[in-house]
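The sequence and the model come first, and the description follows.

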Amino acid sequence: MSKRIEVNDLNIYYGPFLAVEGVHMTIEPRSVTAFIGPSGCGKSTFIRSLNRMHEAIRGAYVTGEVLVDGQNLYAPSTDPVDVRRQIGMVFQRPNPFPTMSIYDNVIAGYKLNARRMNKATADEKVEKALQGANLWNEVKDRLDSSGSSLSGGQQQRLCIARAIAVEPEVLLMDEPCSALDPISTLAIEDLIQELKETYTIGIVTHNMQQAARVSDRTAFFNIAGTGKPGRLIEMDATDTMFSTPKVQATNDYISGRFG
Amino acid sequence: MSTTPGTPPTPTTDRSGKTGTTSESPHGQSAPVRPGSSLGLTPEQFGTPGTPGTPGPPGPGDPVAAEPTPTAGRLPQALSPGLLLASAAAVAGLLLLLGRFTVVGTVVLTAVVYTVGIYVVARVVEGHRRAVDRVVTALVTVAFVLAMAPLVSLIWTVATRGLARFDVAFFTQSMAGVVGEGGGAAHAIIGTLQVTGIATLISVPVGIMASVWLVEYGKGPLKRGITFLVDVMTGIPSIVAGLFAFALFSLLLGDPGHRSGIAGAIALSVLMTPVVVRTCEEMLKLVPDELREASFALGVPRWRTITKVVLPTSIGGIAAGVTIAIARVIGETAPLLITLGFTTGFNFDMTEGRASTLPVFAFDQFRNRGLPPEAFIDRAWTAALSLIIIVMVLNGIGRLIAYLYAPKTNR
């Protein structure tokens with residue numbers, strides 16, 4: 001189910017602009033890896049390059065390797081659509097499909113790909129995904145109403161349900177709680193703890209407490225200055241990172257003594 | 001207390017400087033009646049500011065002092081409509097006295113008199129800012145009435161005159177063999193529906209696909225070039241489209257007198273396609289990129305994202321755009337006169353021969369009047385009325401589609 005991700009010398013570009021430079025890292029299976037760092041340091045850009053969402057932006061490309069269980073995502077023979085089927089993503093802002101019901105939103109990954117399944121299988125998948133996202137009890141009586149009728153926190157959990165309904169190997173989250181209130185944030189953090197039993201999870205966050213609470217390993221990105229590429233400064237077990245970081249910049253950032 | 005009437009009160013500095021030295025007023029800092037401030041004016045002064053005997057407050061009629069006071073008087077609510085009626089009555093009376101009364105003249109002069117009047121009254125009572133607000137409100141309202149007046153007048157005229165022949169015969173008979181009264185425009189209605197329908201069948205797929213290309217795929221000089229050409233095509237005169245279609249068919253078929261419904265439909269679709277492209281492009285741009293990304297992230301290929309997410313999300317706007325495009329061409333006369341001509345009888349064959357359409361029918365009835373001329377004029381009006389009704393029905397269908405398929409928010 002879950003897979004190890006190895007990143008070798010990854011450079012990420014927007015057209016001529018080098019946004020992230022020379023990343024080497026390993027993301028362990030069945031664990032939560034947090035990506036922290038100041039704004040503009042390339043955390044989101046990096047996480048989007050792990051499932052080839054980066055190249056959905058015009059002119060964007062990468063060099064280097066991302067190996068998922070030894071298979072290079074950026075090999076010429078790899079189809080980005082297949083990659084995204086294996087590696088799901090949850091975005092910063094909840095984005096349920098407004099034309100679809102809650103039910104259809106959850107199985108959108110199947111519906112949009114026109115994969116047929118009978119009603120019983122679909123019902124089962126919807127219930128399983130919604131329960132996995134801690135949303136089942138709140139919406140089980142109104143599965144036919146529109147996805148945009150839910151609150152922001154519920155919408156975000158709906159998006160998580162949608163991402164896990166297709167049973168990906170890896171789940172990437174790009175600041176999933178930054179638009180949510182503390183209670184919804186807590187619900188999603190609990191959910192992340194449950195999900196890591198089955199999935200490899202990568203999460204970008206601006207919230208250091210959140211990184212400390214949910215993650216097993218933490219990667220710190222930094223940027224030398226405006227217009228310079230972001231770099232991976234340090235990556236270690238979360239406890240070590242937050243108690244005895246090896247690099248001074250990491251210490252400055254997590255203790256708040258930083259720009 | 002050192003606060004004297006007329007000086008702007010500054011309680012904080014005033015109090016801090018005096019703490020403990022002199023006795024505070026028992027009411028605290030809000031005690032002194034500050035003339036002209038929001039606490040100083042009592043409600044009964046609303047509407048009658050400047051009453052002699054009110055101590056201190058700057059007279060609202062005094063422009064310098066009235067401007068910054070937040071509680072300068074307000075005009076009573078009934079004053080504005082009252083003033084409007086009064087100016088209308090005054091203008092009408094004056095014009096009647098001069099013996100030059102006309103409805104249009106009365107309306108225009110009333111608007112002028114009311115605007116000037118409301119400004120003067122508001123300037124005196126309410127001060128500069130509110131007076132400007134009222135004048136601008138009056139001007140905007142006048143502009144709205146000016147924009148609506150021709151429309152209402154047009155619909156009223158067409159409806160009243162068109163009703164004379166709004167009967168069963170008009171919608172069931174053609175003009176074949178009719179020389180005077182009677183007859184109908186059934187052949188022209190069929191022709192209009194056929195020609196516009198074929199033009200729509202050509203333009204809507206081409207237009208929607210072109211706009212999808214522009215929004216989802218196109219880039220660089222090719223995209224800019226196509227956008228420019230679409231903009232240019234939106235503005236080409238309809239007669240040019242007619243001549244183009246006529247020349248195209250004449251040259252291709254080697255028949256210098258070629259007339260057919262297809263040629264007419266081609267002419268209309270030349271006019272229609274750019275409108276569809278432009279409106280659909282705007283609608284597709286409104287679909288948030290987040291939805292496209294959500295779909296990509298689920299491993300959905302781009303073409304399925306477009307057909308299953310982007311187009312359904314914008315279907316309401318697209319339907320509205322298509323309706324506008326149809327309304328734009330359904331009343332075209334010149335290109336159809338060239339490519340289609342007109343006949344008196346039915347011609348269901350779109351590939352060959354002349355056929356009638358409603359706008360050309362109305363033009364022909366008006367232009368080539370026989371005896372009695374009233375019968376021809378009446379038929380022309382009824383044809384115009386039918387055309388307006390068809391456009392209205394299409395509009396309703398467009399709105400219905402937009403309503404049925406628009407994203408449901410439940411809020």
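In this predicted model, the centres of domain 1 and domain 2 of chain B, taken over C-alpha atoms, are separated by 40 Å. The division behind that value places domain 1 of chain B at residues 79-161 and domain 2 of chain B at residues 169-405. Chain B contains 16 helices and zero strands, and of its 411 residues 33% are buried.

One helix pair in chain B can be described in some detail. Two packed helices are described by the angle between their axes and the distance between the axes. For helix α5 (residues 128-162) and helix α16 (residues 373-405) of chain B, the axes come within 8 Å and cross at roughly 125°. Angles from 65 to 115 degrees count as roughly perpendicular and those over 145 as roughly antiparallel, and α5(B) and α16(B) are therefore oblique to each other. The crossing in which α5(B) passes α16(B) is left-handed. On the side of α5(B), the residues that meet the partner helix are B:V158, B:A159, B:R161 and B:G162, while α16(B) contributes B:W381, B:T382, B:A384, B:L385 and B:I388. Sorted by class, this contact of α5(B) with α16(B) comprises six nonpolar residues, two polar residues and one charged residue.

The contact between the chains draws 25 residues from chain A and 22 residues from chain B. On the side of chain A that touches chain B, the elements giving two or more residues are α2 (80-86), β6 (87-90) and α4 (108-111) of chain A, and α2(A) gives the most, with three residues. By class, the residues on this side of chain A divide into ten nonpolar, ten polar and five charged.

Helix α11 of chain B, which spans residues 289-297, has B:R292, B:A294, B:S295, B:F296 and B:A297 as its buried residues. The cover over these buried residues of α11(B) includes α2 and β6 of chain A, together with α12 (302-313) of chain B. Just after α11(B), the residue B:G299 takes a positive phi of about 75°.

A second residue of chain A, A:T200, lies in strand β8 (residues 200-204). A residue is buried if 20 or more other C-beta atoms lie within 10 Å of its own; A:N51 has 26 such atoms and is therefore buried, and A:T200, with 25 C-beta neighbours inside 10 Å, counts as buried too.

| Pair | Separation in sequence | C-alpha to C-alpha distance |
|---|---|---|
| A:N51 and A:D82 | 31 residues | 9.5 Å |
| A:T200 and A:E28 | 172 residues | 7.1 Å |

Technical notes. Residues numbered from 1 in each chain as written. Chains lettered and ligands numbered in written order. Predicted model: local features only at pLDDT ≥ 70, side-chain atom pairs only at ≥ 80, totals over all residues. Contact = placed C-beta atoms within 7 Å. Helix = DSSP H or I, 4+ residues; strand = E, 2+ residues; numbered from the N terminus. Nonpolar A, V, L, I, M, F, W, Y, C, P; charged D, E, K, R; others polar. Axes fitted to C-alpha atoms, helices over the stretch in contact; angles between N-to-C directions. Parallel < 35°, antiparallel > 145°, perpendicular 65-115°, else oblique. Left-handed = near helix turned anticlockwise from the far one by under 90°. Domains from an automatic or database assignment. Buried ≥ 20, exposed ≤ 12 C-beta atoms within 10 Å, placed from the backbone.
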